[in-house]
Amino acid sequence: MGVSNNFKIAIIGAGASGIFCATLLASLKIPLILFDKNKTLGKKLLATGNGHCNIHNKNLKHSYYQSTSFTPQEIQTILNNFDYFAFEKHCKKIGLFLECKDNGKIYPASSSAKSVINIFESLLKESHISLKLQEEILSLSYKEESFCLQSTQNSYTFSHVILACGSEASPKLGGSDKGLLLAHKLGLEILPTYPSLVPLKLNSTAINNLSGIKIKANITLKDDDATLFKTYDDILFTNYGVSGFGILDLSSYLHQAKNPKIILDLLPNFSSQQLEKSLIYLIKSYPNRSTKEILSGFIHPKLAQLLSENLKLKITNTKTIKHTIYTLKNLLLDSPSYYGFESAEVSGGGVSGNEISKQTFESKKFKNLYLIGEMLDIVGNRGGYNLAFAWASAWACTKAISTHLAQRGL
């Protein structure tokens, strides 16, 4: 059974960008169907910010994003065209109120992702948009200036299609590569994907024995001698490697490194000179204390045990003290690797930005096909940046479609 109309829009994917796009397009008063293979709307959005929903960020800069097919200027222009203040104005209009917390991070005033979904669900219902959950699109083809869709339940014909399928990150929350497969079958270029905002694995049983310990440190990612990223933040040791906010942020840059290594300054608030003076005093004042006991006054006892037993650090004379200080401020975590898409918040790579107009997000190969959100080759840092891009790309796409249909007298 087929469904046909001269002007009908399909949005494939009911994540952040797809939902937002649907609510924006509702004012056009033309048939619109929002498809998603999951049981619930915005499943991944519900989990963001640990359920509190870090929905945006006031400090939008291109430097907080990674891409190989969007230039920094293109990214900045997209963000500027629908910045936080434009988003906030729209949210107030629809009854969703926001508040700014640390580092420019924006959350709903309710501090609940569920309230965001509830507002969007109300808008969809009030606009009489057809929502088809648990209906996966199996194929997408272009014929005679229209799109033919085959789902698990039906076949459809549409004048416009918006791909907002997300990525394979967080499969337990509905993430998959199905959208990328649809784009690939259309002949669009897909750049290699990689997990981002993800814990990292380490091939070190000694480090893995620190599981559960959380510290704050200067964390540096290097590729040989080149520094790719540096931060001062949390690092959590796990039974497979490392996690924590600092590591999640660092993971966005790991794909740039051929020979990655992580350097930890375990005592960033102590200078080498201060440490040397303190250690010399301690070995003179307490000659019977072991290296582990002395280090336990500076760092977690398990970490002190690792350094003294596994790395054979000793604090006995000037030479060994200098070596110990160097290790404390330059602890090497060699050859880190991604834990996997199952633990990733987002994905890098995806449909090349060269496949679309950076102003409208319309495909260069197929008229009236649009691609938005996370399935594109752009990934943001932690802090609301990925959702900021989702909203901005949906807004640009909607504006282009509205303009196009107005030119057609609709």
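Lys-358 is buried, its relative accessible area being 12%, where buried stands for under 20% relative accessible area, exposed for over 50% and partly exposed for what lies in between, computed with a 1.4 Å probe on protein chains only. This is a predicted model, in which local features need pLDDT of at least 70 and side-chain atom pairs count only at pLDDT 80 or more, whereas totals for chains, interfaces and linings use all residues. Residues are numbered from 1 along each chain as its sequence is written, and side-chain values use heavy atoms, with hydrogens and water left out.

The side chain of Lys-358 meets that of Glu-74 in a salt bridge at 2.9 Å, N to O, the term being used for a side-chain nitrogen of Lys or Arg within 4 Å of a carboxyl oxygen of Asp or Glu. Because Lys-358 lies in the loop between strand E21 (346-351) and strand E22 (369-371), while Glu-74 belongs to helix H3 (residues 72-81), the pair ties together parts that are 284 residues apart in sequence. Helices (H or I, at least four residues) and strands (E, at least two) are DSSP runs, numbered from the N terminus. Glu-74 is partly exposed, with a relative accessible area of 25%.

In total, the structure holds 10 salt bridges. Another of them joins Arg-382 and Asp-233 at 3.6 Å, N to O, and this pair links distant parts of the chain, with Arg-382 in the loop between strand E23 (379-380) and helix H13 (385-407) and Asp-233 in strand E16, 149 residues apart. Asp-233 counts as buried at 14% relative accessibility, and salt bridges with shared partners join Asp-233, Asp-249 and Arg-382 into one network.

Strand E4 (residues 56-57) pairs with E7 in the antiparallel sense over 2 bridges, pairing being assigned if DSSP finds at least two bridges between two strands, and the bridge partner of Asn-57 in E7 is Lys-105. Strand E6 (residues 98-100) also runs antiparallel to E7, joined by 3 bridges, with Pro-108 of E7 as the bridge partner of Leu-98. E6 and E7 form a hairpin with 4 residues between them, and Asn-103 in the turn has a positive phi of about 55°.
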